[in-house]
Amino acid sequence: VAVGGIFGELLGGRFAEWQREMDTPSERFVLLEAGAHRGDLAADILGYFARHEPELLERIEYWILEPSVRCRG
């Protein structure tokens, strides 16, 4: 559920910190979101990476697991 863009920005920043702490500079990494509905949170997180962490954005695989048949598509 979307709670506003700032939440995605905060998550994006934290995910970037975790990735740097793992010290795997050339490996791809996966972000998995369960129940993305309209995709607002994914857009906010990926927008953060595009603006602040473009080198990490190139390495992200963003997966969405959507259990709702109605929201898939």
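## Exercises on charge pairs and packing

**Exercise 1.** Characterise the salt bridge between Asp 40 and Arg 38.

*Solution.* Step 1: the side chains of Asp 40 and Arg 38 form a salt bridge with an N to O distance of 2.3 Å, where the term denotes a side-chain nitrogen of Lys or Arg within 4 Å of a carboxyl oxygen of Asp or Glu. Step 2: Arg 38 has a relative accessible area of 70% and is exposed, whereas Asp 40, with 27%, is partly exposed. These classes take under 20% relative accessible area as buried, over 50% as exposed and the range in between as partly exposed (1.4 Å probe, protein chains only).

The model is predicted: local features need pLDDT of at least 70, side-chain atom pairs count only at pLDDT 80 or more, and totals for chains, interfaces and linings use all residues. Residues are numbered from 1 along each chain as its sequence is written, and side-chain values use heavy atoms, leaving out hydrogens and water.

**Exercise 2.** Describe how helix α1 and helix α2 cross.

*Solution.* Step 1: α1 spans residues 5-22 and α2 residues 40-52; helices are DSSP runs (H or I, at least four residues), numbered from the N terminus. Step 2: their axes come within 8 Å and cross at roughly 55°. α1 is therefore oblique to α2. Axes are lines fitted to C-alpha atoms, for helices over the stretch in contact, with angles from 0 to 180 degrees between N-to-C directions. Step 3: the crossing of α1 past α2 is right-handed, meaning that the near helix is turned clockwise from the far one by less than a right angle.

**Exercise 3.** Identify what the salt bridge of Arg 51 and Glu 9 ties together.

*Solution.* Step 1: the side chains of Arg 51 and Glu 9 pair at 2.1 Å, N to O. Step 2: Glu 9 belongs to helix α1 and Arg 51 to helix α2, so this pair joins parts 42 residues apart in sequence. Step 3: Arg 51 counts as exposed at 53% relative accessibility, and Glu 9 as partly exposed at 21%.

**Exercise 4.** Which residues are linked with Arg 14 in a network of salt bridges?

*Solution.* Step 1: the network links Arg 14 with Glu 17 and Glu 21. Step 2: the side chains of Arg 14 and Glu 21 meet at 3.9 Å, N to O. Step 3: Arg 14 is partly exposed at 31% relative accessibility, while Glu 21 is exposed at 57%. Step 4: the structure holds 6 salt bridges.

Technical notes
Helices (H or I, at least four residues) and strands (E, at least two) are DSSP runs, numbered from the N terminus. Angles under 35 degrees count as roughly parallel, over 145 as roughly antiparallel, 65 to 115 as roughly perpendicular and the rest as oblique.
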